Amino acid sequence: MIAARPTILLLAENRLATSGLTDFLERQGCACSIATLSSAPDLLRSRTFDFMISTVPLRQGDPVVLMLGGSDCRIFYRIAVEDGCWWVPLDGKGRKSLGSPALRCAEFAAFLENALNDFKAASERRKQEFPAYLVNASD
């Protein structure tokens with residue numbers, strides 16, 4: 001099926017830690033799910049996601065990262081720094097994506113908005129190319 005809107009898995013210690021990010025993503029038309037590192041594998045066994053954004057540090061061996069290996073899911077995690085944070089992209093094996101710099105908060109927000117717009121445009125193109133029964137109208 002073709003997703004009608006981007007699906008986002010937000011990893012955090014609790015829901016409050018992602019409230020501002022969740023609000024931003026939902027205003028962008030995203031379908032958000034929130035999980036902890038321990039509960040995320042259950043979600044990943046039953047669903048696919050276009051993006052995984054973590055407010056907790058991720059490492060190469062984390063099961064949640066390994067489960068996304070080989071998928072098209074784009075992964076980012078936040079690192080707190082003295083005056084804010086950096087958003088680091090990971091590849092499907094949990095390594096920092098080579099050639100992809102960490103992004104400051106404002107840069108990440110702009111990047112994410114552009115990536116979501118690209119996703120929506122691609123989804124609209126696919127809707128026009130495929131029969132209606134392949135499009136998930138419930139999203």
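V64 touches L11, L37, A40, L44, M52 and L58, leaving out residues up to four places away in sequence; contact means heavy atoms within 4.5 Å. The model is predicted: local features need pLDDT of at least 70, side-chain atom pairs count only at pLDDT 80 or more, and totals for chains, interfaces and linings use all residues. Residues are numbered from 1 along each chain as its sequence is written, and side-chain values use heavy atoms, without hydrogens or water.

**Nonpolar cores**
- The largest nonpolar core has 17 residues. Such a core is a set of buried Ala, Val, Leu, Ile, Met, Phe, Trp, Tyr and Cys residues joined through side-chain atoms within 4.5 Å.
- L9, L11, M52, L58, V64, V65 and I75 have the most contacts inside this core.
- At least two of its residues come from each of strand 1 (7-11), helix 2 (40-46), helix 3 (63-67), strand 4 (74-81) and strand 5 (84-90). Helices (H or I, at least four residues) and strands (E, at least two) are DSSP runs, numbered from the N terminus.
- Another core, of 16 residues, lies apart from it and includes I8, C30, L112 and A115.

**C85**
- C85 sits in strand 5.
- C85 counts as buried because its relative accessibility is 12%. Buried means under 20% relative accessible area, exposed over 50%, partly exposed in between (1.4 Å probe, protein chains only).
- Beyond neighbours within four places in sequence, C85 contacts R78, I79, A80, L103, R104 and C105.
- C85 and R104 are 19 residues apart in sequence, yet 6.3 Å apart C-alpha to C-alpha.

**Q28**
- Q28 lies in the loop between helix 1 (19-27) and strand 2 (31-35).
- Q28 is buried, at 16% relative accessible area.
- Neighbours within four places aside, Q28 contacts E113, L116, N117 and K120.
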